[in-house]
Amino acid sequence: MAAVRLSAWVHGTVQGVGFRWWTRSRALELGLTGYARNARDGRVHVIAEGPRAAADRLLELLRSGESPGRVTLVVESWEPARGGMSGFEER
């Protein structure tokens with residue numbers, strides 16, 4: 001099964017509330033690599049690579065309402081994995 005790359009822009013109250021740490025924990029549990037970083041406009045940008053099923057599950061979790069803070073919108077895009085990442089970082 002080919003690996004995918006999920007790019008998700010998470011909108012809402014997601015900075016300063018432990019959201020990147022929570023996302024990192026969920027991604028590592030799912031076996032994904034990548035990062036979550038704060039954007040200057042208050043969003044969090046999540047890049048995750050791995051099996052499609054795991055990336056789909058992470059996307060579900062981002063939208064679940066179970067994360068720290070308050071997510072109002074998640075805008076995702078998909079492409080083939082690029083590779084070159086190990087682990088999952090908070091940036």
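## Contacts around Val44

Two residues are in contact when they have heavy atoms within 4.5 Å of each other. Leave aside the neighbours within four places in sequence, and Val44 is in contact with Ala8, Trp9, Val10, Val14, Gln15, Phe19, Arg20, Ala36, Arg37 and Asn38.

Keep in mind that this is a predicted model, where local features need pLDDT of at least 70, side-chain atom pairs count only at pLDDT 80 or more, and totals for chains, interfaces and linings use all residues. Residues are numbered from 1 along each chain as its sequence is written, and side-chain values use heavy atoms, with hydrogens and water left out.

## The sheet

Let's turn to the strands. Five of them make an open sheet, in the order S4-S1-S3-S2-S5, with mixed pairing (strands are DSSP runs of E, at least two residues, and helices are runs of H or I, at least four, numbered from the N terminus). S4 (70–80) and S5 (88–90) sit at the edges with a single partner strand each, so one side of each has no neighbour in the sheet.

S1 and S4 pair in the antiparallel sense over ten bridges (pairing takes at least two DSSP bridges). Val10 stands opposite Val74 in S4. Helix H2 packs on the sheet, touching S1, S3 and S4.

## The core

The largest nonpolar core has 21 residues (buried Ala, Val, Leu, Ile, Met, Phe, Trp, Tyr and Cys joined through side-chain atoms within 4.5 Å; buried is under 20% relative accessible area, with a 1.4 Å probe and protein chains only). Val10 and Val44 are among those with the most contacts inside this core. H2 gives the largest share, six residues.

Key
Buried < 20%, exposed > 50% of the residue type's maximum accessible area, 1.4 Å probe, protein only. Axes fitted to C-alpha atoms, helices over the stretch in contact; angles between N-to-C directions.
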